[in-house]
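Welcome! Please take a moment to look over the sequence and the model shown here, and then we will walk through some of its parts together.

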Amino acid sequence: MSQTVSVIISPEDRARLSAIIGDRNRPLKHVQRARIVLLSGERLPVQEVARQTGLSRPSVWRWQCRFAEKGVDVLLREPSRKPGRAPVSAAEVQRIVALTCTEPPGAVTHWTGRAMAKAVGLSLRTIQR
């Protein structure tokens with residue numbers, strides 16, 4: 001699966017990217033992203049850019065596309081992500097623990113993790129935690 005992104009770097013952007021790479025106080029991820037863009041601007045193949053930066057080809061493609069769409073500033077901040085699930089509340093945990101002390105439904109002798117997860121509407125992994 002080959003992707004092609006033409007990275008065109010203006011002289012101002014090239015100077016800014018070089019400054020990012022030369023700044024020893026920058027986080028490594030910013031330096032790697034700047035190196036990806038500079039190497040891509042030299043028309044190196046994606047495989048070679050990935051080899052020189054020590055990153056995967058999908059990472060190279062991702063940062064090439066982001067730079068092409070939004071410029072240098074996007075390399076210096078993390079993309080927004082979907083919020084995760086809220087943790088299980090203390091009241092819900094107490095309800096689950098109390099439920100383990102009751103008789104399980106049906107003709108079984110004890111609660112299993114799957115049966116508990118189904119009864120309370122949570123995942124097995126949540127019940128196990």
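## Before we start

A residue counts as buried when its relative accessible area is under 20%, as exposed when that area is over 50%, and as partly exposed in between. Arg-95 has a relative accessible area of 41%, so this residue is partly exposed. Please keep in mind that the model is predicted.

Arg-95 has a partner: its side chain and that of Glu-92 meet in a salt bridge, at 2.9 Å from N to O. Both residues belong to helix H5, where they sit 3 residues apart, about one turn of the helix.

## Other salt bridges

Arg-51 is exposed because its relative accessible area is 56%, over the 50% cut-off. Glu-48 has 23% relative accessibility and counts as partly exposed.

A further salt bridge joins the side chains of Asp-73 and Arg-16, at 2.5 Å from N to O. Asp-73 counts as partly exposed at 42% relative accessibility, and Arg-16 counts as partly exposed at 37%.

## Arg-14 in helix H1

Helix H1 is also the place of Arg-14. With a relative accessible area of 33%, Arg-14 is partly exposed. Which residues does Arg-14 contact, leaving aside neighbours within four places in sequence? They are Ile-9, Leu-38 and Gly-41.

## Arg-33 in helix H2

Helix H2 covers residues 28–41, and Arg-33 is part of it. Is Arg-33 buried or exposed? Its relative accessible area is 7%, under the 20% cut-off, so Arg-33 is buried. Once residues up to four places away in sequence are set aside, Arg-33 touches Trp-63, Leu-75, Arg-77 and Glu-78.

## Where H2 meets H3

The axes of H2 and H3 come within 10 Å and cross at roughly 145°. The crossing of H2 past H3 is right-handed. On the H2 side, the residues in contact are Gln-32, Arg-35, Ile-36, Leu-39 and Ser-40, and they meet Val-49, Gln-52 and Thr-53 of H3. Sorted by class, this contact has 3 nonpolar, 4 polar and 1 charged residues.

The loop between H2 and helix H3 (46–53) is where you will find Arg-43. Its phi angle is near 65°, a positive value in a residue other than glycine. Arg-43 counts as exposed because its relative accessibility is 54%, over the 50% cut-off.

Definitions and conventions:
Residues numbered from 1 in each chain as written. Predicted model: local features only at pLDDT ≥ 70, side-chain atom pairs only at ≥ 80, totals over all residues. Heavy atoms only, no water. Helix = DSSP H or I, 4+ residues; strand = E, 2+ residues; numbered from the N terminus. Buried < 20%, exposed > 50% of the residue type's maximum accessible area, 1.4 Å probe, protein only. Contact = heavy atoms within 4.5 Å. Axes fitted to C-alpha atoms, helices over the stretch in contact; angles between N-to-C directions. Left-handed = near helix turned anticlockwise from the far one by under 90°. Nonpolar A, V, L, I, M, F, W, Y, C, P; charged D, E, K, R; others polar. Salt bridge = Lys/Arg side-chain N within 4 Å of Asp/Glu carboxyl O.
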